[in-house]
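Take a look at the fold below.

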Amino acid sequence: MEKKSLWETWTPELKQSMMDFCEGYKAFMSKCKTERECVDELIVMAEKAGYKNLEECIAKGEKLVPGDKVYANNRNRFIVLVQIGEEDLSTGLRLLGAHIDSPRLDLKPNPLYEDSEIAYFKTHYYGGIKKYQWPTIPLAIHGVVCRKDGERITITIGEDDNDPVVMVSDLLPHLAADQMQKTAAQVIAGEQLNVILGTEPLEGEGSDMVKLNIMKLLNEKYGIIEEDFLSAELSIVPAGKCREVGLDRSLLG
């Protein structure tokens, strides 16, 4: 029996239903590029669907009964959603698991440095990325910083149309003869995935003035100092929204 794709077998109504569903999926993919962002958005979605915070239920002394829906948030990294069934847990449960997949570049604990009058962030790649895909594309900074005064600051730079983006540099074609002889795994080494932040120095005399200017900009907008990077969780992710791919809009990228 010849297999057919869903495009060939679905009715126009089913196709439209899928397209409508993908509008929400696109919005989720555009907004949620790290585990923290995914968990935050999933909590919003869960509460709209009637789920309650398990910790709050325990604090209030509430007894869960069949039909109750609760969620548990583990350090903003993953979330468990539970619907209480009719039978005792000893008879079993239905378990559905999903992985929050967030390929990215994470900032190292002391990331900010200057080299050849360019300020950079040092990074370490996370997930099964193809390193050669990351240079010369617009990148955004997502994450949180816990300041010395205890306040937690959420940072997103590069997603608004008026934001600057950051970028990993690459060699110009006429300077890349040796590079072009390497395998895909070696074209860009992990140690080269450092992110360009700027080239303008702070006014005055001294060393690392470009780095100081970047730190000044971050301090003016977010009130953070360089020591705060030690208690920060910042990631570099591709900038921009999830988009429909193909003239028929049949794929997402």
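This is a predicted model: local features need pLDDT of at least 70, side-chain atom pairs count only at pLDDT 80 or more; totals for chains, interfaces and linings use all residues.

Two strands count as paired if DSSP finds at least two bridges between them. Six bridges join β2 and β3 in the antiparallel sense. Across that pairing, lysine 69 stands opposite glutamine 83 in β3.

Another open sheet has seven strands. Their order is β7-β6-β10-β4-β5-β9-β8, and the pairing is antiparallel. Here β7 (152-157) and β8 (167-168) stand at the edges, each with a single partner strand, so one side of each is left open in the sheet. Helix α6 (residues 209-222) packs on this sheet and touches β4, β5, β7 and β9 (195-198). The direction of α6 makes about 125° with that of β4. Strands β4 (residues 104-115) and β5 (residues 118-126) pair antiparallel over eight bridges. Leucine 107 has threonine 123 in β5 as its bridge partner.

Now the charged side chain. Aspartate 68 lies in the loop between α4 (54-59) and β2 (69-74). Which side chain of opposite charge is nearest to aspartate 68? It is lysine 52, 4.6 Å away. A salt bridge needs a distance within 4 Å. Aspartate 68 is buried yet has no salt bridge. Its side chain does reach the backbone nitrogen of valine 65, at 2.9 Å. Beyond its neighbours within four places in sequence, aspartate 68 is in contact with Lys63, Val82, Gln83 and Ile84.

How values were computed
Residues are numbered from 1 along each chain as its sequence is written. Side-chain values use heavy atoms; hydrogens and water are left out. Helices (H or I, at least four residues) and strands (E, at least two) are DSSP runs, numbered from the N terminus. Buried means under 20% relative accessible area, exposed over 50%, partly exposed in between (1.4 Å probe, protein chains only). Lys and Arg count as positive and Asp and Glu as negative; His and the chain ends are not counted. A polar contact is a pair of N or O atoms within 3.5 Å; within protein, one must be able to donate a hydrogen and the other to accept it, and residues adjacent in sequence count only if both atoms are side-chain atoms. Contact means heavy atoms within 4.5 Å. Axes are lines fitted to C-alpha atoms, for helices over the stretch in contact, and angles run from 0 to 180 degrees between N-to-C directions.
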